[in-house]
Every structure is written in C-alpha cells, then in structure tokens.
Amino acid sequence: MTKIIFPSRYSALSLLNRHLKSPKYQGCKFIILIDENTYNNCLPLLISQVSALEEAEFVEVPIGEEAKSLEIASQVISSLLESTPGLGRNNVVLINLGGGCVSDLGGFIASVFRRGIRYINVPTTLVSMIDAAIGGKSGLNHDGIKNAIGVINQPETICIEPSFLDTLPSAEMKNGLFEMLKTFILSNPDNYEALRNSVEHNEILLSDSLIQECVSFKHSVVKADPNEHGIRKILNFGHTFGHAIESYCALPHGEAVGIGMVCALYLSVKKLGLEKSVLASYLKAIKSYIKIPSFNLKDVESILELIKQDKKNSEGMILCVLLQEIGSPVIDVAIDENEIRDTLLNLKKL
C-alpha cells in the first residue's frame with residue numbers, strides 16, 4: 001500500500017530524501033515531471049532538500065488541463081524512452097511534482113510506460129494534497145470529456161509538504177477549500193461546521209493538522225476500497241455535476257466541485273430529506289468565493305450530455321452521491337434527467 005510521508009520533527013522533504021536513499025532505490029534513475037509553475041516555484045525547494053534527486057532529469061508539460069491529453073502523454077513517453085535506454089521497469093522512478101493535472105498525467109504515464117514503473121507524488125497545491133494525488137486515479141481528458149481515459153494504480157509514495165502552499169495564489173487556495181469542505185461534510189460534522197463558518201467569515205481555518213486529517217481520511221477510504229466498488233464512491237460527492245460543469249464552463253476543478261456540491265445538496269433535500277438549513281448555510285458560506293452560474297435550457301442539455309458520460313453511471317442510470325445528513329453520505333442514488341434539468345435551472349435561484 002502507498003506510503004504517505006507527513007512532516008514530523010523533520011520536514012516531509014527531508015523524510016522523502018531519507019526514503020529515496022534506501023536500498024530499494026539503489027541504481028534507480030529518477031525523472032521529475034513538472035509544469036512551468038512548479039519548475040519556477042517548487043523544483044528549487046525540492047532539489048535543495050532532497051539530495052537524492054540532484055542528478056534527476058526533468059520533463060516539463062503544459063500548465064493545467066491542457067497537459068491531460070494522449071498527445072502530451074505520448075510526448076512524455078518519448079522523452080522517457082530517450083532518457084532511460086537500457087534501464088528496466090524497476091530502475092526508473094517518476095516523481096510527479098505539481099497539482100492534480102501533473103499527478104493525473106504522471107500516474108497514467110507511470111502505469112503504462114514499460115508496462116508500469118514506480119511513481120511518487122509530491123503534490124504542491126491544496127487540491128492535490130488532500131485529493132488528486134491520493135488514491136491512484138489517473139485520468140486523461142478526451143473529446144471534451146474529463147478523465148475519459150485512465151487507470152487506477154496506486155503511487156508508491158506520497159509526500160505531503162505544506163510549505164509548497166506558500167507559493168500558491170489565493171485563488172488556488174480557495175479551490176482547495178472546496179475539497180476540504182467536501183471531505184469534512186462526508187466525515188466530520190464538527191470540522192465541517194468549523195471550516196464552513198470560517199469560510200463564511202473570510203477567516204480561513206487551515207492548518208497542517210487539518211490537511212493531514214483530510215489526507216488520512218481519503219487514504220483510509222481508498223485502502224478499504226481501492227478500485228471504487230463500494231465505499232470509495234462517497235468521495236465523488238459533488239463530482240457528478242462538478243465534472244460536467246468544469247468541462248462545460250472551463251472552471252477550475254475546486255470551484256466546479258463547490259458548485260457541484262450545491263447541486264448534490266439540493267437533490268439531497270428533495271430526495272433524502274436532508275435539512276434545508278444544510279444547503280442554505282453552505283450557500284451562505286461560499287457565495288463570496290464563487291459565482292453561482294445561471295444556465296438556460298441549451299446550457300442544461302449540453303451539461304446533461306456530459307453527465308451522461310460520467311464514469312459512475314451504470315446500466316444506463318445516472319448515479320449520484322447524496323447526503324442524508326452531515327457525515328452520512330449515500331452512494332448510487334439514481335437521478336433522472338428531469339431532476340438534473342430542475343437542479344441546473346434552479347441553481348441560480350437557490
């Protein structure tokens with residue numbers, strides 16, 4: 001199972017350095033996958049604190065969702081072939097340094113290159129630390145469908161170094177907050193209410209311990225259900241609508257998930273009897289952070305087509321994760337097309 005490195009008496013990067021100098025990596029070649037942002041803001045810190053990577057090579061990819069394509073994956077694989085002649089699959093280790101797009105792309109490439117090489121995620125954004133870098137889901141976009149191609153293959157190690165967050169613009173930190181809200185609305189009512197209240201009053205509650213709790217929760221769920229046949233599906237709360245809205249509106253992932261959670265809470269009230277106050281208080285907290293979109297009928301039909309492509313659907317049914325109460329998610333709730341239309345058309349009115 002994946003090893004997760006958290007800061008302790010020593011920084012997580014110092015612990016990663018010790019880990020990479022262990023016998024299991026003797027004779028290995030390290031390749032670091034980065035984008036322009038992490039090249040400028042994160043690679044110097046990584047190399048300065050992880051001497052095991054001083055001779056590593058790096059491959060740079062485009063920033064954001066543009067990197068998550070078969071074309072970019074093919075280019076990176078060509079670079080790996082050039083950099084690793086004569087080395088077997090056990091002698092090449094890919095280090096994914098970046099946000100969710102880098103870990104998605106890198107995890108996919110590591111899973112298919114030479115039929116699978118080891119890879120390590122070093123997430124540098126809040127979204128990737130608490131969500132994208134954990135769990136082994138690696139997806140590429142195709143024909144306008146988010147994560148249409150992908151694998152589930154666990155990283156060997158994940159290194160959580162909160163000091164990377166110091167390089168993030170405020171917009172990226174806000175994206176991560178929505179994934180934190182998602183985590184705690186599923187798992188910890190007290191933490192959810194504390195975080196929701198801090199977001200409402202623009203006094204963001206963020207600490208290493210909260211990050212670690214988010215990471216530990218997702219890791220425990222993944223460990224219990226690595227291939228998403230059961231309990232792991234709860235992590236998709238807000239994502240059925242969120243992924244479709246992200247693709248259609250070209251929004252950042254965290255913001256789209258935040259809107260997707262509004263949709264899921266609205267349906268939870270209508271279908272599972274969730275208290276209306278949960279939806280109202282969530283909306284009150286997030287309205288200063290994101291603009292709730294207004295969709296017309298044409299928009300709704302386009303988003304509906306994207307939702308029909310969601311990988312969580314089964315036997316022609318659109319399935320969603322809803323909430324009975326805070327801390328009590330329900331998986332595989334079937335929703336029909338008219339319920340989706342109603343939700344999207346009423347979104348701005350909530």
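Threonine 2 has a relative accessibility of 8%, under the 20% limit, and therefore counts as buried. This comes from a predicted model, so please read every value here as computed from that model. Threonine 2 sits in the segment before strand E1, and E1 is one of the six strands of an open sheet. The points below start with this residue, then move on to the sheet, its helices and a pocket.

**Around threonine 2**
- Setting aside neighbours within four places in sequence, threonine 2 touches Gln154, Pro155, Glu156, Thr157, Ile158 and His219.
- Aspartate 35 is 33 residues away from threonine 2 along the chain, and their C-alpha atoms are 24 Å apart.

**The sheet**
- The six strands follow the order E1-E8-E5-E4-E2-E3, and their pairing is parallel.
- Which strands stand at the edges? They are E1 (3-5) and E3 (57-61); each has a single partner strand, so one side of each lacks a neighbour in the sheet.
- On average, neighbouring strands in this sheet are turned by 20° against each other, with direction ignored.

**Strand E5 and its partners**
- E5 (residues 118-123) runs parallel to E8 (residues 157-159), and two bridges join them.
- Asparagine 121 has isoleucine 158 in E8 as its bridge partner.
- E5 also runs parallel to E4, this time with six bridges between the two.
- Valine 93 lies opposite arginine 118 of E5.
- Is E5 enclosed or open? Six of its six residues are buried, so the strand is largely enclosed by the rest of the structure.
- Arg118, Ile120 and Val122 point one way from E5, while Tyr119, Asn121 and Pro123 point the other way; all of them are buried.

- Strand E7 (145-152), helix H10 (239-249) and helix H13 (297-308) are the elements that give two or more residues to the lining.
- By class, the lining has five nonpolar, six polar and three charged residues.

Terms used:
Residues are numbered from 1 along each chain as its sequence is written. This is a predicted model: local features need pLDDT of at least 70, side-chain atom pairs count only at pLDDT 80 or more; totals for chains, interfaces and linings use all residues. Side-chain values use heavy atoms; hydrogens and water are left out. Two strands pair if DSSP finds at least two bridges between them. Helices (H or I, at least four residues) and strands (E, at least two) are DSSP runs, numbered from the N terminus. Axes are lines fitted to C-alpha atoms, for helices over the stretch in contact, and angles run from 0 to 180 degrees between N-to-C directions. Ala, Val, Leu, Ile, Met, Phe, Trp, Tyr, Cys and Pro count as nonpolar, Asp, Glu, Lys and Arg as charged, and the others, Gly among them, as polar. Buried means under 20% relative accessible area, exposed over 50%, partly exposed in between (1.4 Å probe, protein chains only). Contact means heavy atoms within 4.5 Å.
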